[in-house]
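Here are my notes on this model, as numbered points. Please read them with the coordinates open.

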Amino acid sequence: MPSGRVHNLINIAAYSVLAAGALYATRQDLLVVTPAQALNFTLAYAAGTFLLSPDLDLAEGKVDSKRHWGVLGVLWVPYGMLFSHRGWSHSWVIGPLTRLLYVALIAALIVGLVRFIAPDLQMPTIPQPIAWKVVLPLLIGYYLSQWLHLIADGVRPDHGLRKSYRKVRGR
Ligand SMILES: [Zn+2]
């Protein structure tokens, strides 16, 4: 299994190739990407690589992606205890989703706490309705960063599913 540092290097290298390709494709009018979409993709890709890596399932111990959170890294300890290493956290569709939901849950808890302590404080709101042309680059950037990690780990796209099938079929 590659270390956190190796995973980061693989993702950075892949990003460079992808960015060069995207730049070339837009110059040739094969692809239309607005600067805002490129930025959203990049931010989500970086977050997926450095802050939301599948190896947070080891957050009960020492892991690179937990260290990037600084003191907030301790927030990931329950996630690390909840998910076994390379289990559901390392599945292709559900795995990345578990970390997004986990962040959403913590954010909701913090917002709830702040509202309770300071009811008059203005909180930032999510703009409605959420536009696909904003969300899609975020999702693609995030999922791509996760899938590169899983490919480097040698995890196949049907990881997790195979186990459930076996359970369903009683094997
Ligand atoms: Zn991993």
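1. Start at Val-63. Beyond its neighbours within four places in sequence, Val-63 is in contact with Gly-4, Asp-55, Leu-56 and Leu-58. Keep in mind throughout that this is a predicted model.

2. Which residues make up the largest nonpolar core? There are eight: Leu-52, Leu-56, Leu-58, Ala-59, Val-63, Trp-76, Tyr-79 and Phe-83. A second core is separate and has six residues, among them Phe-41, Ala-44, Tyr-45 and Leu-148.

3. On the overall fold: the protein chain has seven helices and zero strands. Read from the N terminus, the order of elements is α-α-α-α-α-α-α. The C-alpha trace spans about 55 × 50 × 35 Å along its principal axes. The chain has 171 residues, and 23% of them count as buried. Take the contacts with a separation of 6 or more: 64% of them join residues 24 or more positions apart.

4. The helix pair to inspect is helix 2 (residues 35-51) with helix 6 (residues 132-153). Two packed helices are described by the angle between their axes and the distance between the axes. Here the angle is about 35 degrees and the axes are 7 Å apart. The crossing is right-handed.

5. Who makes that contact? Helix 2 contributes Gln-37, Asn-40, Phe-41, Thr-42, Ala-44, Tyr-45, Ala-47, Gly-48 and Thr-49. Helix 6 contributes Lys-133, Val-134, Pro-137, Leu-138, Ile-140, Gly-141, Tyr-142, Leu-144, Ser-145 and Gln-146. By class, the contact has ten nonpolar, eight polar and one charged residues. Phe-41, Ala-44 and Tyr-45 of this contact are also listed in the second core.

6. Ala-36 lies in helix 2. Ala-36 is exposed because it has 11 other C-beta atoms within 10 Å, and the cut-off for exposed is 12 or fewer. Its C-alpha atom is 9.3 Å from that of Pro-137, 101 residues apart along the chain. Thr-34 lies in the loop between helix 1 and helix 2. Thr-34 is also exposed, with 11 other C-beta atoms within 10 Å. Thr-34 and Lys-133 are 99 residues apart in sequence, and their C-alpha atoms are 9.8 Å apart.

7. Now the record. UniProt, in an unreviewed entry, places "transmembrane region" at residues 6-26, 38-56, 68-88, 100-118 and 130-152. How much helix does the model have over residues 6-26? That stretch is 100% helix and 0% strand, with its end C-alpha atoms 30 Å apart. Residues 68-88 are 29% helix and 0% strand, and there the end C-alpha atoms are 22 Å apart. A look at residues 68-88 would be welcome.

8. Check two backbone angles. Most residues other than glycine have a negative phi. Asp-29 has a positive phi, near 60 degrees. Asp-29 sits in the loop between helix 1 (4-27) and helix 2. Arg-86 has a positive phi of about 65 degrees and is not a glycine. Arg-86 is in the loop between helix 4 (77-82) and helix 5 (94-117).

9. Are these two residues buried or exposed? Asp-29 counts as exposed because it has 7 C-beta neighbours inside 10 Å. Arg-86 counts as buried because it has 20 such neighbours inside 10 Å. For Arg-86 the count sits on the cut-off, since buried requires 20 or more.

10. Next, Arg-156. This residue lies in the loop between helix 6 and helix 7 (161-168). With 13 C-beta neighbours inside 10 Å, Arg-156 counts as partly exposed. Arg-156 and Trp-92 are 64 residues apart in sequence, and their C-alpha atoms are 8.0 Å apart in space.

11. Pro-2 is found before helix 1. Pro-2 counts as partly exposed, with 14 C-beta neighbours inside 10 Å. Leaving out residues up to four places away in sequence, Pro-2 touches His-7 and Ala-152.

Methods: Residues are numbered from 1 along each chain as its sequence is written. This is a predicted model: local features need pLDDT of at least 70, side-chain atom pairs count only at pLDDT 80 or more; totals for chains, interfaces and linings use all residues. A nonpolar core is a set of buried Ala, Val, Leu, Ile, Met, Phe, Trp, Tyr and Cys residues joined through C-beta atoms within 7 Å. Two residues are in contact if their C-beta atoms, placed from the backbone, lie within 7 Å. Helices (H or I, at least four residues) and strands (E, at least two) are DSSP runs, numbered from the N terminus. Axes are lines fitted to C-alpha atoms, for helices over the stretch in contact, and angles run from 0 to 180 degrees between N-to-C directions. A crossing is left-handed if the near helix is turned anticlockwise from the far one by less than a right angle, and right-handed if clockwise. Ala, Val, Leu, Ile, Met, Phe, Trp, Tyr, Cys and Pro count as nonpolar, Asp, Glu, Lys and Arg as charged, and the others, Gly among them, as polar. UniProt positions are given in the numbering used here, feature names are shortened, and annotations may be inferred rather than shown by experiment.
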